[in-house]
Amino acid sequence: MKRNVVDKINQLQIIKNIVFRIISFFSCFENNLVKIWNKPRLVKESNYVITLDRIANKDSGINLIEKILRHKGMIEQVKEWKELGIVGDDFN
């Protein structure tokens, strides 16, 4: 009978060790999920169209428009607008 109790205790110890390893595994998994969900998201692309009158009506809007017009990509942008027929050839 004493041997039977010792065997049961050993089995329970083994089960306890296995359960602790499983809990540890799930804890690591959960920690990684938390890191993923709390990671800041980066915007890779955004397609907004805002008319110049809306920008001009805001505080320091005219300064922002001037900054946009001085941007190095503005020449290419105007070419694209002309190709699409958004602005005429007289657009300046």
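A salt bridge is defined here as a side-chain nitrogen of Lys or Arg within 4 Å of a carboxyl oxygen of Asp or Glu. The model is predicted: local features need pLDDT of at least 70, side-chain atom pairs count only at pLDDT 80 or more, and totals for chains, interfaces and linings use all residues. Residues are numbered from 1 along each chain as its sequence is written, and side-chain values use heavy atoms, with hydrogens and water left out.

**Stop 1: the whole chain**

Display the protein as a cartoon. Four helices and zero strands are present, in the order α-α-α-α from the N terminus. Helices (H or I, at least four residues) and strands (E, at least two) are DSSP runs, numbered from the N terminus. The radius of gyration is 33 Å, well over the 12 Å given by the globule rule for 92 residues, so the protein is more spread out than a compact globule. That radius is taken over C-alpha atoms, and the globule rule is 2.2 Å times the number of residues to the power 0.38. Along the principal axes, the C-alpha atoms fill a box of roughly 105 × 30 × 20 Å.

Next, switch to a surface view. The accessible surface comes to about 9,400 Å², and carbon and sulfur atoms contribute 59% of this; such areas come from the Shrake-Rupley method with a 1.4 Å probe, and for residues only the protein chains shown count as cover. Of the 92 residues, 7% count as buried. Buried means under 20% relative accessible area, exposed over 50%, and partly exposed in between (1.4 Å probe, protein chains only).

**Stop 2**

Select Arg3 and Asp7. These residues form a salt bridge, with the closest N and O atoms 3.8 Å apart. Both belong to helix α1, where four residues, about one turn of the helix, separate them. Arg3 is exposed at 59% relative accessible area, whereas Asp7 is partly exposed at 30%.

Val5 also lies in helix α1 and is partly exposed, with a relative accessibility of 45%.

**Stop 3: the nonpolar patch**

Select Ile14, Ile18, Ile22, Phe25, Phe26, Phe29, Leu33, Ile36 and Trp37. Together they make a nonpolar surface patch of about 990 Å². Patches are made of residues with over 30% relative accessible area and no salt bridge; like charges are joined within 9 Å, and nonpolar side chains (Val, Leu, Ile, Met, Phe, Trp, Tyr) within 5 Å. One member, Phe29, is found in helix α1 (residues 2–38) and counts as partly exposed at 47% relative accessibility.

**Stop 4: the loop between α2 and α3**

Move to Ser60, which is placed in the loop between α2 (52–56) and α3 (61–70). Its phi is near 55°, a positive value in a residue other than glycine. Most residues other than glycine have a negative phi.

**Stop 5: helix α4**

Finally, select Glu76 and Lys79. Their side chains meet in a salt bridge at 3.4 Å, N to O. The two residues are three apart in helix α4 (residues 74–84), and so are separated by about one helical turn. Glu76 is exposed, at 51% relative accessible area, while Lys79 is partly exposed at 44%. The structure holds two salt bridges.
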